[in-house]
Amino acid sequence: MPSDVAAPAENPAPGSGPATVALVGAEFGWGSSGKLSAVLSALRRRPTTPLRFVGLASGLGRPLLAEHTVDGWYDLPADPERLAAAVREIVRSQGVRAAVVVLDGAAAKALLAAGVPTVFVDSLPFLWSEGDRDALPLDTTVYCAQRSVELPSECLDVLAGARALRWVEAVIAAPSALGSAHAAGGPAGGRSTGGPYRRALISLGGLRAPRLGDPGNYPRLVVPAVLEALAAHGVEEVHIAGNLPADLAGRLVDASIAPPRTTTGPLGHGAFLERLAASDVLLTSPGLTTLLEAGGLNVPTICLPPQNLSQIFNGRYHSQALDARLRVPWPKDVLAEDEALALRSEGEDHALELIYGAIEAAARGDDHRAVGRVLRDGVLEALRRSAEVEDWGALTTAVGTGGAAQVADALLEVLDAAHPST
């Protein structure tokens, strides 16, 4: 099976070397890989016998895990029958003894079917309804559901079917790592203590997902509007981070009224945290991991329009926790959020189809400039309202920061139970 890293030789027989753990992150943005990175960092701090890691799928997020030692990466086929066979062969050849899977239900089920004890990390439990039940790996060895500020009854009904449900705190970089990033930003995290913001970070995340068409639609609508708002607000320096092709990033900056020092380029997980800590303000598509890490660093944060269904919830929860309107929704003639939320009862895919279609139509429509003006004004208003917020860590405090360590502990428990001599 093809991989962008040469596959290692077959693993030694169980008991003759480090225990091999498979890692899998959903091919949906960068949040899953950020969580895997946090769990791997937590495992490094555990006094345990050596572990060896191999990665499955996670093609989008592999660059974010470059700071960790992963012996090899394997692509997985989408076809369920071929997926099961591919996973069985990797498990056999690599001697996989356990797995950590973030949000990839199909991979988790295939690993379980191959006899691998599996820890599943569900960072979006609030999202699920009956329409999603069949896609969730409720029989995993440990099902780690991340705490949320609100849990609709529909999701609780679904998760009640999990064989070994364990609620965990936010699966993000440990407070010590966030503290190091804060220190790297300089005094007070490098942020101004009064007056207008000087340095801003725009985060667009992975910009990719299954069934998403052109991933450039979102940045074409949002980036020029945000840059113009930041320039009008007096920001002098901004970096645009995310999985944004360099040529598109350059064209968007060149065509925009932007702050005088505007740079672009993806950042690894550690580099992102350092840049975040040194920024006066973050403007982000509301991926939950990013919001929680920003809260851990107490960085003022504005939520840009949502890219998908979970980001509608994330932006609302963020404003709710901070008791301030800090999110910039799409104009209602682009996307009526309540319509998307109503569709989730049939399963997430139905809502995503509506959201992706709405963003594409707006990006290709004759009135895309008018949409941009509405977004620009919304960003400016949110920047002004941000002065009212006293505690930017409220969302993070509400769900805790110990989830990565708790998932790491669950994995070690699973390994010990399956192989007591490990």
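**Entry 1: the rule.** I call it a salt bridge when a side-chain nitrogen of Lys or Arg lies within 4 Å of a carboxyl oxygen of Asp or Glu. I kept in mind that this is a predicted model. Side chains of opposite charge can pair when their charged atoms come close. How many salt bridges does the rule give? I get a count of 19.

**Entry 2: R92 and E89.** I looked up this pair and found a salt bridge between the two side chains, with N to O at 2.7 Å. Both residues sit in helix 2 (residues 80-94), three residues apart, or about one turn of the helix. An α-helix has 3.6 residues a turn, so residues three or four places apart point the same way. I also checked accessibility: R92 counts as partly exposed because its relative accessibility is 48%. E89 is partly exposed too, at 35%.

**Entry 3: the rest of helix 2.** I checked the length next. The 15 residues, at 1.5 Å a residue, should span 21 Å, and the end C-alpha atoms are 21 Å apart, so the two agree. Which residues of helix 2 are buried? I noted L83, A86, V87, I90, V91, S93 and Q94. I then looked for what covers these buried residues, and the list includes strand 1 (19-25), strand 2 (51-57), strand 3 (73-74), strand 4 (96-102) and helix 3 (105-113).

**Entry 4: the two ends.** At the start of helix 2, I found a side-chain oxygen of D79 within 3.3 Å of the backbone nitrogen of E81. Just after the helix, I saw that G95 takes a positive phi of about 60°.

**Entry 5: R364 and E360.** I moved on to helix 12 (residues 348-364), where R364 and E360 are four residues apart, which means a separation of about one helical turn. Their salt bridge has its closest N and O atoms 3.3 Å apart. Is R364 buried or exposed? I put R364 down as exposed, because its relative accessibility of 54% is over the 50% cut-off. E360 is partly exposed, with a relative accessible area of 35%.

Entry 6: D377 is partly exposed, at a relative accessible area of 43%.

Terms used: Residues are numbered from 1 along each chain as its sequence is written. This is a predicted model: local features need pLDDT of at least 70, side-chain atom pairs count only at pLDDT 80 or more; totals for chains, interfaces and linings use all residues. Side-chain values use heavy atoms; hydrogens and water are left out. Helices (H or I, at least four residues) and strands (E, at least two) are DSSP runs, numbered from the N terminus. Buried means under 20% relative accessible area, exposed over 50%, partly exposed in between (1.4 Å probe, protein chains only). The expected span of a helix is 1.5 Å times one less than its number of residues. Contact means heavy atoms within 4.5 Å. A polar contact is a pair of N or O atoms within 3.5 Å; within protein, one must be able to donate a hydrogen and the other to accept it, and residues adjacent in sequence count only if both atoms are side-chain atoms.
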